[in-house]
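User: Please take me through this protein in plain steps. I will ask about one part at a time.

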Amino acid sequence: MKYIASMIDAQICTEEFLSPSTLLTDKNSWRPTSVCAGHACGHSIAMKILTCMGVFLLVFVFFTGPLAGQEPATHGTAEDHVRRLQLQATESNFANWAHWGRQPDNYGSWTSHSNRLIPVYTFGVTLDRYQGGNSCYRDEARLKELYGGLPAETLNLQAEYFDQTDIYDLQRQAFKAGKRHMIVFVFDGMDWQTIQAAAIYKQQAVRYSRGAGTGLAFQDDTIGRRDFGSFVTSPHNDCSKWDVDAQTVVCPDRPNGGYSAAYGGSNPWQPSVSDTYLLGEFKGLPHEVTDSAASATSLFSGIKTFNGAINVDIAGQQVIPVARQLQDHGFSVGVVSSVQLSHATCACAYANNVTRDDYQDLTRDMVGLKSIAHKDEPLPGLDVLIGGGWGENADDDRASQGANYVPGNKVIAADDLKKIDVQHGGPYVVATRTKEEDGSQVLARAAARAAQDGKRLLGLFGVKRGHLPFQTADGGFDPTRGTNHQDRYKPGDIEENPTLAEMTSAALEVLQTNEKGFWLLVEAGDVDWANHKNNIDDSIGAVLSGEAAFQVVVDWVEENSSWDDAAVIVTADHGHYLVLKDPQVLTGKQGNDGVESGK
């Protein structure tokens, strides 16, 4: 629209017809009332009419062009070089600067997760209790307790890394230490290599090749006693079978999780000596690769379990995540996500279920309604829940969600949404994507009302497939192709949705009213979706949009709390397998600026 507006002469098309401002903002102003009526603008009437007709043609092209599905011809310039790189790599399935998976000559050969060690940054708390000499991977007895047996080649007396389940204990220890404001960021699918790619792009230089790095806000070591480490994500197993209606599980006797530093590396930036091990395909040592459900259960409930599990152990027994434990101590608790609000990571913050696919029941747990997992007594429910899922409809999803699936929205049934709404006597002020309304303002108004009236807050937004619009590396919302999907947005998709940062701000406004304290999960779930698509442009954009949400939290802590009262954890649930062969290419510059060692 900026290109169209710049071509409009306000003397040719007056305020009564199409002024630059109404062209950009007023959807009701597209009406032929008069052309240069009463104005001596120095053009013939015919020329004025032709010019305004040209404006209409430009507008038609805009609304039927790139946002409606065509690849923009204007991209591929130096100003958007990452988009150009992604498009070229996808079209040829080759890039001399990077590839996904273990085939250097195939740009997009791996669209799943990996067993890479995952970085974690902490603020206001340290990792001393878990890493180095205190690592559970140096202790045979602790490994047996963790996995239910000693996984092959997993004991490592030199391990500096620790386990994902230690993040659960870190949150509990923070509470015991008196922390009143606890915020956990999960950049779903963000491994060390994904972080480095985003940092390179943001700084337009390659500044590190190891360690915590520099360039992104959460890499700033001047914030709140920052600490840095890495952990193992492998689950207990990937072989369990479950029954969603009966909520039962059949699990193998022995685990197939574990981690070998000899094959996978002793730190996140060390290349693997095997091109199959980290992908779970090494036949001699097939350590299982996690999914988001098993990994988030580890993060929030402190156990190893099977892929697909939402806070249940390998026998199907429910466990209590840290958010509910803190809620029992008077904390308010909340979840914010850029993807569906009951997707695996979000659900593991609060709900119980033998399968991550039972979205409606997971949401019921999260908003305090009876569910298949809590038939008699519902859970108390989250105080804040904001995420995607708007417009995600299906007439029948019983194969995944069980016999009690209600046709309609796959994430939250219409009757459930009505039941919890304050307008119908429920506890939640509900904000949903609304046609021709600014999504950030819709959410802000709801948050202000909830905070003022002492109510809970639920926000339901999104686009097709249920997530927020994906931001690309340059901050736009115009993704190019990945290996298996290309997202396309209309203007309303952008205008009618808040950003993850705005969702985070709204959550803090409500949660901060509890003087006893609060716990908040912020999930940048679009990182995972971008990496699944082998889309470097979307991946960098997703990290940067999550970074903006992190900055909102840092600003809030420094203005309303302190690092003595707050604990902030930034991490991921698992990695993917991006291999940057020539990181310098992401800067868009010729030559090499040099590589500095990490911090």
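The questions below go from the whole chain to single elements.

The model is predicted, so local features need pLDDT of at least 70 and side-chain atom pairs count only at pLDDT 80 or more, while totals for chains, interfaces and linings use all residues. Residues are numbered from 1 along each chain as its sequence is written, and side-chain values use heavy atoms, with hydrogens and water left out.

User: What percentage of the residues of the protein chain count as buried?
Analyst: The protein chain has 19 helices and 16 strands. Helices (H or I, at least four residues) and strands (E, at least two) are DSSP runs, numbered from the N terminus. Buried means under 20% relative accessible area, exposed over 50%, and partly exposed in between, with a 1.4 Å probe and protein chains only. Of the 599 residues, the buried share is 59%.

User: Among contacts between residues at least 6 apart in sequence, what percentage join residues at least 24 apart?
Analyst: A contact means heavy atoms within 4.5 Å. Among the contacts in the protein chain between residues at least 6 apart in sequence, the share joining residues at least 24 apart is 71%.

User: Why is strand β2 largely enclosed by the rest of the structure?
Analyst: On one side of β2, I118, V120 and T122 are buried, and on the other P119, Y121 and F123 are buried. Strand β2 (residues 118-123) is therefore largely enclosed, and the number of its six residues that are buried is six.

User: Which residue of β15 is the bridge partner of Y121?
Analyst: β2 pairs with strand β5 (residues 227-232) in the antiparallel sense over five bridges, and there I118 has F231 as its bridge partner. β2 also pairs with strand β15 (residues 566-571), again in the antiparallel sense, over three bridges. In β15, the partner of Y121 is V570.

User: Against which helices do the buried residues of α4 pack?
Analyst: Helix α4 (residues 81-92) has 12 residues and reaches 16 Å from its first C-alpha to its last, close to the expected 16 Å; the expected span is 1.5 Å times one less than the number of residues. Its buried residues include H81, V82, R83 and L85. The buried residues of α4 pack against α7 (192-203) and α19 (536-560).

User: How many disulfides does the structure hold?
Analyst: A disulfide is counted when a pair of cysteine sulfur atoms is within 2.5 Å. The structure holds zero disulfides. C251 is in none, and the nearest cysteine sulfur, that of C239, is 8.3 Å away. C348 is in none either, with the sulfur of C346 as the nearest at 9.5 Å, and the count is zero.

Conventions. Two strands pair if DSSP finds at least two bridges between them.
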